[in-house]
Amino acid sequence: MSAWVLPDHIADVLPSEARHIEELRRQLLDTARGYGYELVMPPLLEHLESLLTGTGEALDLQTFKLVDQLSGRTLGLRADTTPQVARIDAHLLGRSGLTRLCYCGPVLHTRPARPHATREPLQLGAEIYGHAGPEADLEILQLALDCLRAASVGNLQVDLADARIVNSLLQAEPVSDSRRHDIHDALAIKDASAIDRLTLGFAPVNRAGLLALVHLYGDARVLDEAAQCLPATPAITEALSQLRGLAAHIPGAAISFDLGDSRGYAYYSGTRFAIYAQGASDALARGGRYDGVGAVFGHRIDRDRPAVGFSLDLKELVSAVKPLALRAAIRAPWGHASHLREAIAALRSQGETVVCVLPGHESEIDEFHCDRELVEAAGHWVVKTL
């Protein structure tokens, strides 16, 4: 095998795409800053027990592991940044009030999340800690939508769900972890026959509710139907009420519901959402509520804080939007004359891109569109439109 061949689902990012990703990163982080989110930069590498605390089996399987040559302890390369940000909130910042944090950095996956996905996403996200009310859920969803709009993604579709619905139907049933996992998998693919088989022996009301969830997806009428056919437990009643509230305050996006969607069931504790662009096969952003995430980083009860957030992959996002045009630039001759170097430096200090043409490369093409040229006229260097 050639030495330059990269591992499967790992790829170089070439200039035009890299520029687009970087411009999106700046736009989206500026969007988060406009909401009052503070930027944090967790390390790519951590002790494994810290990296995986409270995250469940799925993230463990996605995490690369290695041995630290200094301590002999097992380290992990992060597969998700959210647990790290929760650790920062719980033990480094230690604030008692509201905390808004955002981040952007690479994560590594042992396997691609789906066909053709990269194993090295560039994950951008935002989290709110310290507020249990639906206001935080709405703010994080609005921020996710504004980030996608800043990336020029149109025709957005928001799909809403709530982890409390399925959890409420399962909590009174004596099910093993493996059986619970199978039920969630069956709900994800709408397999009514598997749900029927897996819920044998359940209380009739819970079994009927789980079977109903297979069909409870669609527009707002789904909520009315759910109120009629699901048991009116406090958790389900509150979940349906909050889903109505969220949907009522999301302008400029189509809304749908999938009450049986329980992906991330070991992680999410309340409302959750996925945002799609028209024609996209998978969500561009996902998020939701995961209360108590900070409590697993030790024994301090006061760090059992409510939390809600979202994340997206900038590499995936850039592939879903229109490519950027070549960047306009100024072509300049190569030379050592001080007045030429001063003219070039002045233009660059004004934010212009100035490409100096090295000898013998006058006709070569790169990603910059040189629509102007630096020329000498009457002893002065001036910019002329080509």
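1. Buried is used here for residues under 20% relative accessible area, exposed for those over 50%, and partly exposed for those in between, with a 1.4 Å probe and protein chains only. Helices (H or I, at least four residues) and strands (E, at least two) are DSSP runs numbered from the N terminus. The structure is a predicted model, in which local features need pLDDT of at least 70 and side-chain atom pairs count only at pLDDT 80 or more, whereas totals for chains, interfaces and linings use all residues. Residues are numbered from 1 along each chain as its sequence is written, and side-chain values use heavy atoms, with hydrogens and water left out.

2. On the chain as a whole, the protein has 13 helices and 16 strands, and its C-alpha trace spans about 90 × 55 × 50 Å along the principal axes. Of the 386 residues in the protein chain, 44% are buried. The chain exposes about 19,700 Å², of which carbon and sulfur atoms supply 55%; accessible areas come from the Shrake-Rupley method with a 1.4 Å probe, and for residues only the protein chains shown count as cover. Taking contact to mean heavy atoms within 4.5 Å, 67% of the contacts between residues at least 6 apart in sequence join residues at least 24 apart.

3. Helix 10, which covers residues 221–229, has Val-222, Leu-223 and Ala-226 as its buried residues. Seen down the helix axis, these buried residues fall within an arc of 100°, so they line one face of helix 10; the arc is that of the directions from the helix axis to the C-beta atoms. Arg-221 and Gln-228 are exposed on the other side of helix 10. The cover over the buried residues of helix 10 includes strand 8 (217–218), helix 11 (234–248) and strand 9 (254–258).

4. Not counting residues up to four places away in sequence, Asp-159 touches Ser-256, Phe-257, Asp-258, Asp-261, Arg-272, Phe-273, Ala-274 and Tyr-276.

5. Thr-99 lies in strand 5 (residues 99–106) and is buried, with a relative accessible area of 1%. The side chains of Thr-99 and Arg-305 are joined by a polar contact of 3.4 Å. With residues up to four places away in sequence set aside, Thr-99 touches Asp-89, Leu-93, Glu-127, Ile-128, Tyr-129 and Arg-305.

6. Two residue pairs can be described by both sequence and spatial separation. Apart from neighbours within four places in sequence, Gln-62 is in contact with Ala-79, Leu-108, His-109, Thr-110, Arg-111 and Ala-113. Asp-185, in helix 7 (residues 177–188), is partly exposed, with a relative accessible area of 38%; Asp-185 and Ile-255 are 70 residues apart in sequence and 24 Å apart in space, C-alpha to C-alpha.

7. Most residues other than glycine have a negative phi. His-116, which is not a glycine, has a positive phi of about 75°; this residue is in the loop between strand 5 and strand 6 (122–129) and is exposed, with a relative accessible area of 79%. Ser-152 also has a positive phi, near 65°, and lies in the loop between helix 5 (134–150) and strand 7, where Ser-152 is exposed at a relative accessible area of 63%.

8. On the surface, Leu-44, Leu-45 and Leu-66 form a nonpolar patch with about 220 Å² of accessible area together. Patches are made of residues with over 30% relative accessible area and no salt bridge, with like charges joined within 9 Å and nonpolar side chains (Val, Leu, Ile, Met, Phe, Trp, Tyr) within 5 Å; a salt bridge is a side-chain nitrogen of Lys or Arg within 4 Å of a carboxyl oxygen of Asp or Glu. Leu-45 is in strand 2 (residues 45–47) and is partly exposed, with a relative accessible area of 37%.

Terms used: A polar contact is a pair of N or O atoms within 3.5 Å; within protein, one must be able to donate a hydrogen and the other to accept it, and residues adjacent in sequence count only if both atoms are side-chain atoms.
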